[in-house]
Amino acid sequence: MSATQTPAPLGDERVAARLRHRIRLPRAWRSPLGVIGTVIALAWVIVAFTAQWWVPFAPNAQVLPRLQAPGGEALLGTDGGGRDIFSRLMTGATVTIPLALLLVAASMVIGTIVGAVAGYFGRWVDETLMRITDLVMAFPTVILAMVVAASLGPSLYNAVIAAIVVSWPQYARVTRSLVLGLRGQNYVVSGRLLGYSPLRSLAVDILPNILGPMLVLATLDIGTAILLLSGLSFLGLGAQPPTAEWGSMISAAMSNFDAWWLGVFPGLAILTVVMAFNFLGDALRDVLDPTAEVVHEGTAAREKGAA
């Protein structure tokens, strides 16, 4: 008698098919730091775009006792003007984070264009653009930003312009190096032989292949942008009172050392945002690196075999 196989139930086949075809998150997104960074960064971004609708007090409303310690009606205490620190902290996120994102986006666009043109055309175009880039990079970032902000006048938007002026060269340098490595590839040369214009060759063949590293650099740079904007506001060159901004809140806390909560909570907000975007940038770098997942899986396999 020949043995007969009992067909698997239809439901089991469907479950197995789903398990085989399910989307598997890259290892980087499943790491503790990647998860923590993603959650904290997402939480702050949500706060930045919704805080104005749910904060308990207007950021400049002087309706509470002055210098009240955290607790009770004022969750994080009040400042010297009787303003709620929690409301000002959440409102400060609506100022700092969107402007930091705008700063990074503008710097990336300017730097990517300059670096791509320099790397693609080479010769005198490359020399001219890179010498301008080197000239900007020769100055310390914070010092140059202070000079530009002071020349334009103390305001938050002038601080953003100053930060853009000092931030774009790093994107230009990275983009140029990537374009130099890609412009001799066969698919780029083939496009030029087919009659692609320089603009089309850059837009179609080169820029999509450098987008990953540029996104990683931009994500890591968000924390630096927040620190730079907060630093300019702390020095009086950015947000001006009574604007609720983290750097200016820390600056105002310098005159009230006894009220520790005035500077601690804005400082913690800056710390958590910067760390979150740094963790997120590291995870994004591992995801966009085609060899990272293979290396992780190989290491895990070796460890399993050794066990």
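**View 1. The largest pocket of this predicted model and the residues that line it.** The largest pocket is lined by 19 residues, and those lying nearest its centre are Arg83, Arg88, Ser248, Met249 and Ala252. On a 1 Å grid over the protein atoms alone, a pocket is an open set of points where a 1.4 Å probe fits, with protein on both sides within 12 Å along at least five of seven lines, and lining residues have an atom within 4 Å of a point. Two or more lining residues come from each of helix H4 (85–121) and helix H10 (246–253), and H10 gives the most, with 5 residues. Helices here are DSSP runs of H or I with at least four residues, strands are runs of E with at least two, and both are numbered from the N terminus. The volume of the largest pocket is about 280 Å³, taken as the space filled by probe spheres set on the grid points, which are joined across faces, edges and corners.

**View 2. Asp126 and its partner Arg176.** Asp126 has its place in helix H5 (residues 123–137) and is buried, with a relative accessible area of 9%; buried means under 20%, exposed over 50%, and partly exposed in between, using a 1.4 Å probe and protein chains only. Its side chain makes a polar contact with the side chain of Arg176 at 2.7 Å, where a polar contact is a pair of N or O atoms within 3.5 Å; within protein, one must be able to donate a hydrogen and the other to accept it, and residues adjacent in sequence count only if both atoms are side-chain atoms. Leaving aside residues up to four places away in sequence, Asp126 touches Ala118 and Arg176, with contact meaning heavy atoms within 4.5 Å.

**View 3. Backbone geometry at Leu67 and at Pro241 and Pro242.** Most residues other than glycine have a negative phi, and most peptide bonds are trans. Leu67, in the loop between helix H3 (32–50) and H4, has a positive phi of about 50° although it is not a glycine, and this residue is partly exposed, with a relative accessible area of 35%. Pro241 and Pro242 are joined by a cis peptide bond with an omega of about 5°, and Pro242 lies in the loop between helix H9 (198–234) and H10.

**Notes to all views.** In this predicted model, local features need pLDDT of at least 70 and side-chain atom pairs count only at pLDDT 80 or more, whereas totals for chains, interfaces and linings use all residues. Residues are numbered from 1 along each chain as its sequence is written, and side-chain values use heavy atoms, with hydrogens and water left out.
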